[in-house]
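Okay, thanks for coming, everyone. I've got one structure to walk you through today, so let me put it up on the screen.

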Amino acid sequence: MTKVKNRIRRLRFDNDEMTQQELANRVGCTRQTIIALEQGKYVPSITLAFQIARAFGIALEDVFQYEEAR
Amino acid sequence: MAPLQKRALYGLGIGIVFAIALIVVFIAKGDVTTFDEDLGFRLIVYALWVGVPLAYLIVVNLTLRKPGQVDERDRLIMGRAPKVQLLAVIFSLVAWVIVLTELYWDKGQVPVVFLTLIMISTLIISTLAQSLGILIGYWRVGRND
């Protein structure tokens, strides 16, 4: 079993407390998807993952971390 | 609640009300043979049948066409909904076959009116099951399945 974790919530606050709606508008998804991502209930496509990383101006690996469960 | 989820919920509600209304009309008018004999009644049912889904589709398309209403997560969920639709349609057809076979076994033939009723019920069930499939999809994504 694998798990993809992310730091979206932390990064939003570090970027002038960006709202979920603002991030959703920037990457072209719904606010509900951002909520699901932050709660770890949804793993995005590679395209959306890159768009989110670009929205924060950092590398993909700085937003998403791949962990292999033992 | 995501726009698509809302749409599915409204769709399910409208579909159930529409289905119940049709059943009530049939019961109030007597039985299924009324459909065969009464042209006025038949035209009302046909008008409802064409009008309601058409109005629903127009409203849904206008709602979902706005930018940012549907994203990859919604499309993933929509893509899974046909599994529920298929199951629902198969079960409804099996139910029709069993009921009609048991009812008309002795007569050896089934009234033609049932062809229309089977089609109408199958399309209603298919539409309802699509909404149900979308709602199940959101529930499952929420559970992180």
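Let's start with A:R9, which sits in helix α1 of chain A, the helix covering residues 8-14. Keep in mind that what you're looking at is a predicted model. So, is A:R9 buried, exposed, or partly exposed? It comes out as partly exposed, because there are 14 other C-beta atoms within 10 Å, and to be called buried a residue needs 20 or more. One more thing about A:R9: go 30 residues along the chain and you get to A:Q39, and the C-alpha atoms of those two are separated by 9.1 Å.

Staying in chain A, have a look at a pair of helices, α2, residues 20-27, and α4, residues 46-56. When two helices pack, what you want to quote is the angle between their axes and the distance between the axes. Here the axes come within 9 Å, and they cross at roughly 120°. As for the hand, α2(A) goes past α4(A) in a right-handed crossing. Which residues meet there? From α2(A) you have A:L23, A:R26 and A:V27, and on the α4(A) side they meet A:L48, A:Q51, A:I52 and A:A55. Sorted by type, that contact has five nonpolar residues, one polar and one charged.

Now, over to where the chains touch. The contact involves 12 residues of chain A and 10 residues of chain B. On the chain A side, helix α3, residues 31-38, gives the most, with three residues. The make-up of that side of chain A is seven polar, four nonpolar and one charged.

And then chain B. The C-alpha trace spans about 55 × 30 × 20 Å along its principal axes. Chain B has 145 residues, and 17% of them count as buried. If you take the chain B contacts between residues at least 6 apart in sequence, 86% join residues at least 24 apart.

Last stop is helix α1 of chain B, residues 3-29. With 27 residues, it reaches 38 Å from first C-alpha to last, close to the 39 Å you'd expect at 1.5 Å a residue. And which residues of α1(B) are buried? They're B:L4, B:R7, B:A8, B:G11 and B:G15. Remember that an α-helix has 3.6 residues a turn, so residues three or four places apart point the same way.

Okay, that's my tour. Happy to take questions.

Technical notes. Residues are numbered from 1 along each chain as its sequence is written. Chains are lettered from A and ligands numbered from 1 in the order in which they are written. This is a predicted model: local features need pLDDT of at least 70, side-chain atom pairs count only at pLDDT 80 or more; totals for chains, interfaces and linings use all residues. A residue is buried if 20 or more other C-beta atoms lie within 10 Å of its own, exposed if 12 or fewer, and partly exposed in between; C-beta atoms are placed from the backbone. Two residues are in contact if their C-beta atoms, placed from the backbone, lie within 7 Å. Helices (H or I, at least four residues) and strands (E, at least two) are DSSP runs, numbered from the N terminus. Ala, Val, Leu, Ile, Met, Phe, Trp, Tyr, Cys and Pro count as nonpolar, Asp, Glu, Lys and Arg as charged, and the others, Gly among them, as polar. The expected span of a helix is 1.5 Å times one less than its number of residues. Axes are lines fitted to C-alpha atoms, for helices over the stretch in contact, and angles run from 0 to 180 degrees between N-to-C directions. A crossing is left-handed if the near helix is turned anticlockwise from the far one by less than a right angle, and right-handed if clockwise.
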